[in-house]
Amino acid sequence: MTTSTADTIAAGSTPTWQRWMRRHGWTVGVWLLLVVLVAWYSTLIPSFGSFQFATIITNGTPWVFLAAAQAVIVIAGGLDLGVGGMLVLTNVATARFMDGQSFEVTIMIAIAAILAAVVINAFVGWIVTASKVPDIVITLGSLYFYQGLALAILPNPGGGTSEGFRWLFTGSDVGTGSNPWPATVMIAIPILVVAWWLGKTRSGLSLYAVGSDRTAAYLSGIRAGRTKIVAFGVGGAFAAMAGLSTTAIAGSGNANTVGGNMTLNSVAAIVLGGVALTGGIGSVIAVVPAGLILFFLSPILTAMGVDPNRAQIIQGVLIVVVMMIAGLIEWRRQRRV
Amino acid sequence: MTTTSPDLLAAREISKQYGPVVALRSVDMTVRPGEIHALLGANGAGKSTMVKILSAVISADSGSVSVHGEATHLRKPSDAMQAGIATVFQDPALIPDLTLAQNLRISHLSEDDVMPWLDRMNLGGIDFGLQVQDVPLAVLRLLDLARALAHDPQLLMLDEITAALTTDQASYVFEVMREWKSRNRSVLFISHRLGEVLELCDYATILRNGTNVADFDLTDVDEAQLVTAMLGDELGEQAVAASETSKESAAPTLVQEADRPVVLELKDVHLSDKVNGVSFKLHQGEILGLTALEGQGQNGLFQVLSGDHRPSSGELIVDGDELSARSPYDAIRKGVVLVPAERQNALLPQRSVRENLSLPLYNRISKWFTLARDETERVESAVDRLDIDVRAGSQVQRLSGGNQQKVTIGRWLASGFDTLLCFDPTRGIDIQTKAQIYELLRQLADDGSSIVLYTSELREIPLVCDRVLVMYNGRIVHEQDAASATEEGLLSAAHGLEGASA
């Protein structure tokens, strides 16, 4: 009787691959864009080999982790301007305390740093939830707080870490080499674990639920406040990972790094990665190539011979153009439905 | 059953205040096991507040709730679920960006839990991989019902569940309610459709202005008695009389269609596969009814009429000119305006009544910087004419559903229009406001406006319309004088069962 309704909701009404592309087309597209850019880059520079490849992945690692941190929080309907500050704070604190320590001790310090970041950022999430002050205000405060704390811990660039710890994130004892695998594995494991958690478990799906429709989530028995606190905690862990990889790459800490810039890059990366700033939509897997692409823009522009002072203009235009294309695709899709 | 208390749910002296507005004042309600209990009242009487308190979405200021004689503290929705109370809210509590399967998952359910119920509601073939936002509202309501049932509650609360459902879908819900009753479980049923209530329910608690004013055993009560109790003696008689008069005023004015100019005409309009060749003429001063079961192309037809979608083929002619609208803006400039099904889509919920009313006036560039005096007056006169309760008018979202609907219509009164498209304008609205809306539509038509009224409530057709069209499978399958239309006749036409008159 209600033929048309029944058809649209019946199993098998649209081919599986078509639906899969509709859901994951964006993720596939961003990965393809990264592949294309790498291929193009390889033609721009005199020699392209495993060293160049490893350099891109390794140096892009902090960008990827920071984008993942922002993605988890934004999916849950939040926004954390403090992630860049957390990166700097973790970088500085670990560089100071790891200096001259053995590999085992540096690993212990790294784990402690991640746990501390989880607790601190979850506390920020709790403040956001309890005070009902918008995220952007509270986390602007946490950004300054982290950055200031970093300066207090290490006023001048310095510190150090163990060779083994540097190898863990860079495949080299000196922070730069031709082995891309350690960085790849260090990115892949946490990202895949979190992607599985977000997509398959009830607690992970709660993040999407709260970000998508807070009222409906509440009525479904989900505790919105607690969910947001969890999101901030997980985001804090990723931001700490970004700081740890920075320590490994640089071999030192620098409290003068501008955390705010890194935060804004993380926001740009998640938008490129298809995470809706309004919450509830997106995947951490798509955020990986998006973070790498954003990092990758400046080497490409350098290789093209663009004046570094003008590169930012081009970066800005590129981001806007890519987002306009995305908007067009989405608009055409909705028009068809 | 070891419990000694005969009552399943006993709410005592429930009170709730929102700032200065008293929503509930010491309400008592008792639901026994194995009964279908109606909670009735006009808009703003406090029904929704009561449901929200019993489902622990909000907490009462004072009063107690006990389930099976045990005092229950309801602080969050999961407490209510644990106490055996499951609710289907007016807006389905499903997450739009997640799939149906993921939505079940966050409610601790699996597909197998809801499948038996979906089967009975003719939704057995549903695809759980669909995202909620791609599923029609009516289906979501039924899904939400299946989800509530899967929790196996003692008390099932249904808040206006039938409002967006077609007749056949509503009948599934009724079957499920009866089945639930036969299992010695209970249902708390909220509906503005008193016919349904009398047919299904055993008892009724009536709320008026936040207080329970009467309890009825529904075995020997008629609609008029319920209405009188809901509205108070005087108002009740007026409302009954009003719906009678609008019936009378509609019936004798048999429109001499041929004499009146055609203001809007559709010629063989198609819209992808939803609308398959619809043609009709709308005359000046006419109220043209349109009805159909869910998903027969009425949404697509209204998208074409309101300028939201261009037809894939065919013509839309307004005042003699073809209208090729790129957006509703173009249609509105030609005087064709829409009152959509979802009030929230039409209103700025956080802005004031007056701001909402004057919103369409912003369309005129000359008015961007100022609202001229006469327009302020037009807004005021719309408030008066519609009898909008503006006490809570600083934010439209605080108004009751009926008053919100008046604002959506009032917007167009303030800006002026030629053709008014109404999509189920009385959905979820109390009988008194309904009568006011009927009367208003008739007045507008008498003043020379034309109206297309889609309604899923068949009894509105003879009450309000001059002529009626029935859609089935994207086509108009039936046309007749509204005055001679019967619910049975329309229903069989809507099922595509009739080959006769066209």
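Helices (H or I, at least four residues) and strands (E, at least two) are DSSP runs, numbered from the N terminus. The model is predicted: local features need pLDDT of at least 70, side-chain atom pairs count only at pLDDT 80 or more, and totals for chains, interfaces and linings use all residues. Residues are numbered from 1 along each chain as its sequence is written, while chains are lettered from A and ligands numbered from 1 in the order in which they are written.

**View 1. Chain A contains 14 helices and zero strands.** From the N terminus on, its elements run α-α-α-α-α-α-α-α-α-α-α-α-α-α. Of the 337 residues in chain A, 49% are buried (20 or more other C-beta atoms, placed from the backbone, within 10 Å of the residue's own).

**View 2. Six strands of chain B form an open sheet of mixed pairing, in the order β6-β7-β8-β3-β9-β10.** Two strands pair if DSSP finds at least two bridges between them. Strands β6 (85–88) and β10 (211–217) of chain B each have a single partner strand, so one side of each is left without a neighbour in the sheet.

**View 3. Strands β3 (residues 36–41) and β9 (residues 203–208) of chain B run parallel and are joined by five bridges.** Within β9(B), Thr205(B) is the bridge partner of Leu39(B).

**View 4. Helix α1 (residues 47–54) of chain B packs on the sheet.** The helix touches β3, β6, β7 (155–159), β8 (186–190) and β9 of chain B, a contact being two residues whose C-beta atoms, placed from the backbone, lie within 7 Å.

Technical notes:
Axes fitted to C-alpha atoms, helices over the stretch in contact; angles between N-to-C directions. Buried ≥ 20, exposed ≤ 12 C-beta atoms within 10 Å, placed from the backbone.
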